[in-house]
Amino acid sequence: VAAKRREEYPERLRAFGLDDDDLAAWQDGRLPGEAFDDWLTDRVARRPRGARAREVYGAENTHDFARKAILGALSLKPGDHILEIGCGGGSLLRDALAAGAQATGLDHSADMADLARERAAGATVVIAAADALPFAKDTFSAAAMSIVLMFLDDPIGVFRECRRVLSHGGPLAVYTTSPQLRGTAAAPEPISSRCHFYSDEELAELAGRAELLDMTVHNTRGGQLLIARA
Ligand SMILES: C[S@@+](CC[C@H](N)C(=O)[O-])C[C@H]1O[C@@H](n2cnc3c(N)ncnc32)[C@H](O)[C@@H]1O
């Protein structure tokens, strides 16, 4: 079984656009074969790392539908200060700066934090985890998460953290993927089975349990945009 698994690694990596560098990284890690699917999920999306991840998250069209939906809902302007949790390659931060807002990004991947700093010069980018935001209360006028919520084991805890760091009435915009897209190209295996999916009602309920207010969920063909207020 182990030998068969080893033979499959290159092909399974190629299916996600990964190459020999990524295979070498997997081999260097010396993890047991059972860890491969989790490692792949991290490498590609949950904690992106490596040259291919930089290429993907540095591309203009990566998750542009989510970014546009979030920015459209937030209508940032000079004087605003947005926090983006799981900022990836920094495209949303860059666009927020272009709108005249101050922008802070947070990501637990050092590679993504470096990329965001390069691509959104002028933004502050910190390496940290979503469930313990290293900011004082009332720091931000808006907050966002683009294709991040599905990776969170404690979404209510993260929503509570968002409420704490947002000023009174400040909006939180979250773009995520509904259960109907589980296992499709939008959420393929093995990533899909490591993700959390929520119906529109469940999403609003999670935000409500974190004492956020005025929840709305727009669902466009399985892409969900949750807006709530602190
Ligand atoms: C699929 S990528 C999305 C990146 C970017 N927001 C976009 O839309 O292109 C998910 C990002 O969230 C980050 N992330 C996931 N879970 C996180 C957590 N608990 N704390 C901080 N960052 C997290 C990952 O490192 C990764 O950069």
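This is a predicted model: local features need pLDDT of at least 70, side-chain atom pairs count only at pLDDT 80 or more; totals for chains, interfaces and linings use all residues.
Residues are numbered from 1 along each chain as its sequence is written, and side-chain values use heavy atoms, leaving out hydrogens and water.

- Cys195 is in no disulfide either, with the nearest cysteine sulfur, that of Cys162, 18 Å away.
- Cys87 counts as buried at 5% relative accessibility, and Cys195 is buried at 11%; buried means under 20% relative accessible area, with a 1.4 Å probe and protein chains only.

**Strand β4**
- In β4 (residues 142-146), 5 of the 5 residues are buried; strands here are DSSP runs of E, at least two residues, and helices are runs of H or I, at least four, numbered from the N terminus.
- Side chains in a regular strand alternate between the two faces of the sheet.
- Here, Ala142, Ala144 and Ser146 point one way, and Ala143 and Met145 point the other.

**Neighbours of β4**
- Strand β1 (residues 81-85) runs parallel to β4, joined by 3 bridges; strands pair if DSSP finds at least two bridges between them.
- Glu84 sits opposite Ala144 in β4.
- On β5 (residues 171-177), also parallel to β4, there are 4 bridges, and Ala173 is the bridge partner of Ala144.
- From β4, the chain passes through helix α8 (residues 155-165) to β5 in a right-handed crossover: with the strands pointing away from the viewer, the path from the first strand over the helix to the second runs clockwise.

Key
Buried means under 20% relative accessible area, exposed over 50%, partly exposed in between (1.4 Å probe, protein chains only). A disulfide is a pair of cysteine sulfur atoms within 2.5 Å.
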